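Here is my note on the structure you asked me to look over. Please read it with the model open.

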Amino acid sequence: MKRIVGVVLALALAPPLAAQTRARGGGGQAPRISLRPFVLATGERLAAKNTFEAAFGQSVEPFWGAGLQLAVRRLFVEVSASRFKKTGQRAFRANGTNFGVGIPLTATITPFEVTGGYRFIRSTSQRLVPYLGAGVGSYGYKEVSDFSESNENVDTRHAGYFGVAGAELRVHRWVGVGADVQFTHITGILGQGGVSKDAGESDLGGIAARVKIMVGR
Amino acid sequence: MFWLALLFVSGVRGHGQAPTASPRVMVQERGLPPIEWGIIADLSRAPDTPETRRRLSIHRESAILDRVGASGTRYVPGRVIVKFRNGVSNVSRVTALSAISRTASMFERPSYANFDVVRIELNEDAEAVARALGQRPDVEYAQAAYRVRTQLVPNDKFYSMQWNLPLIDLERAWDIQPGAGSAITVAVVDTGVAYTSATARFHAFPFRDDRGVLYPSLGDLTLSFVAATELGPPSRFVAPHDFIWDDNLPLDLDGHGTHVSGTIGQLTNNGTNGAGDTRNGGGTAGVAFNVKLMPVKVISSDWDDIFGSPNEGTDDIVARGIRYAVDNGAKVLNMSIGRTGEPAPVMEDAIKYAVGKGAFVVIAAGNDFEAGNRTEVIAEIASRVQGAVSVASIDQSRKHAFYSSTGSWVELAAPGGSFRGFPASGGILQQTLDLDLVETFNLPPSRYTAPRFDVLAYFYFIGTSQATPHVAGLGAMLMQQGVTDPAAIEAALEKFATPCSESLNTCNETVGPNRNNSYGFGLVEARNTLRGLGLAK
């Protein structure tokens, strides 16, 4: 994870690629092809509301990450990696209510996502660019508790898919800020055991509000 | 009207049935140091043995004999338990009583009761009076004073002999919670507990055994009582109370309550320098070995009867004991007691009161499987109250114990032991009174002597009485873990129980999760219950 963030930051601080074609007029317009690293902060309302509330007391959780976007005219492709890690407690559910049992549990979610999308660019001087996208991801899930034997912890990875809609605001010639909403659906991790099974929740995804700070034109 | 009210108040002490003054005299609140034996392999206290039948039938020569009701349930004649609806005036109460029975009068309401006790003539049919009262619109319920008994089946050291504790994965549970319930008080609603040293004087009245043989009076006896060394120091016991003798000295004249207390919270891991039975390497272990214990005596033993205790173990006494326990801070109530027969609304009311006050109530499911397998009244109440559970018994091979009652009221199973197909070590081992020196009434009259309550030994007992304290101890540990809602404790215990199969007659993880009549939701599993669940596993 640290390695990925490092690579992304290096890319962010790198000069524009030679392949980027400058437009006329001294750099006021976006290139036709650009490679833009970004950092990402996400607040996700997890679909497994009861499950996360049982362990952490809340179901809106932060993810931190980074990625790289390749934009070709109106199309873009980006890859990103992020992570959520939090320590709560083991719990159980009875009669629709959650009860914590005070035993520390640390859950880690590491999404690795690939997104393809379309940018609604109408003019070369447009500062706010809406975009739509969709993609697939590979989602790692790790669960470690005190007093557990090795086979009682969880370390798995499953695929999921998502859709995203948002807009990017160019705040500086080299810096853009993107804000979007992403709907993710991840199956195969929750719902087969633990509190999630009792809560009847099998989706590790949710609705995420994301803010991206992109470097590049 | 005034005179009618005055009549009501004065009637409180009417009909020559005022309670006999307690003949027990406290000589001093200390006694000689205890004598301790090791294990005594005695199979006599098992369901339906001659000794058990004999103990049930012993009655003081001058005592008012229990009457058997229409359903075959024994009750104490001369009184009816009644609860009037809120707002019913004293005058209306007197009117109601006089309409039902010419001789009925009411005693002053006893402590820790939301009901009244009506005195009637000894020869009146208490069940009929209760039925008639119960049909009145101003009465919520009325019932006879049915006898409640212990659900033990005893017989008679040491951890390696306590197969019952590893069987419910308790060792790994202790890793999770080494505190083992130190902030929780468990009330032992039972025959009393050997919790203190004392010397007391009694008068032993003559009595007849099950064959009608008369045993002579032993006259005035000055008896020494000792505290069970393995239950810990006096500071461990909170708010002791005796509803059989109406005082604060719930001494165990039977051994049942002491044995049950041991399984709940016997000092554990005290083998070398511990405070307990160091001579024997620390004795036995208990489930929640740091809990506070509250001895609440509500069951009269044979010796209580022979000594002429003012009260017997009837529904109203047990109900008061339950209310007393929760009002004085108990968070878990262990009730290794039960009865069959008529409903017990007074008990149901008390159990709901206890759960409403945040106490988890654990009740024995009954030992009558081979004796008609009739519905256990108190356990059946537990099955309808979220936060109260009834507990059946399994043997060392995780099978249904031969005596354990089965029915829809069974909610959980725990080790209660068995001597059938197993040696004495098939029972549940704990320290208690030396029964050979307590139950001298089992000897012929020529050898009948005063009992001794100052000698301790380790006995294997069997019964749902022995299964119940495992669950009470676990409930206390779960409560210490932070799960304080009694209904949630019940749900957790049921959820994490190992499923058992009625058809395969065993408990293991390969059988289905369905509740059944022999095991309820299954065999309690200590470690998994305390550990709860992760998000995904």
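1. **Confidence overall.** This is a predicted model. The predictor gives the complex an ipTM of 0.84 and a pTM of 0.82. Chain B has a mean pLDDT of 86. In that chain, 84% of the residues reach 70 or more.

2. Where pLDDT is low, the predicted coordinates should not be read in detail.

3. **Helix α13 of chain B.** This helix covers residues 464–480. Is its length what a helix of 17 residues should give, or what else would one expect? At 1.5 Å a residue, the span should be 24 Å. The end C-alpha atoms are 25 Å apart, which agrees. As for burial, 17 of the 17 residues of α13(B) are buried, so the helix is largely enclosed by the rest of the structure. Just after α13(B), B:Gly482 takes a positive phi of about 115°.

4. **α13 against α14.** The axes of α13(B) and α14(B) come within 10 Å and cross at roughly 115°. The crossing is right-handed. From α13(B), the residues in contact are B:Val471, B:Leu474, B:Gly475, B:Leu478 and B:Met479. They meet B:Ile489, B:Ala492 and B:Leu493 of α14(B). By type, this contact has seven nonpolar residues, one polar and no charged.

5. **α13 against α7.** Helix α7 of chain B spans residues 256–265. It packs on α13(B) at an angle of about 35°, with the axes 8 Å apart. This crossing is right-handed. α7(B) brings B:His256, B:Val260, B:Thr263, B:Ile264 and B:Gly265. α13(B) brings B:Ser465, B:Gln466, B:Pro469, B:His470, B:Ala472 and B:Gly473. The residues here divide into four nonpolar, seven polar and no charged.

6. **Helix α10 of chain B.** α10(B) runs over residues 345–356, twelve in number. From first C-alpha to last it reaches 16 Å, close to the 16 Å expected at 1.5 Å a residue. The helix is mostly covered, with nine of its twelve residues buried. Just after α10(B), B:Gly358 takes a positive phi of about 90°.

7. **B:Pro310.** Where does B:Pro310 sit? It is in the loop between α8 (302–306) and α9 (315–327) of chain B. B:Pro310 is partly exposed, with 17 other C-beta atoms within 10 Å. B:Asp246 is 64 residues away from B:Pro310 in sequence. In space the two are 7.8 Å apart, C-alpha to C-alpha.

Definitions and conventions: Residues numbered from 1 in each chain as written. Chains lettered and ligands numbered in written order. Predicted model: local features only at pLDDT ≥ 70, side-chain atom pairs only at ≥ 80, totals over all residues. Helix = DSSP H or I, 4+ residues; strand = E, 2+ residues; numbered from the N terminus. Expected span 1.5 Å × (residues − 1). Buried ≥ 20, exposed ≤ 12 C-beta atoms within 10 Å, placed from the backbone. pLDDT = per-residue confidence, 0-100. Axes fitted to C-alpha atoms, helices over the stretch in contact; angles between N-to-C directions. Left-handed = near helix turned anticlockwise from the far one by under 90°. Contact = placed C-beta atoms within 7 Å. Nonpolar A, V, L, I, M, F, W, Y, C, P; charged D, E, K, R; others polar.
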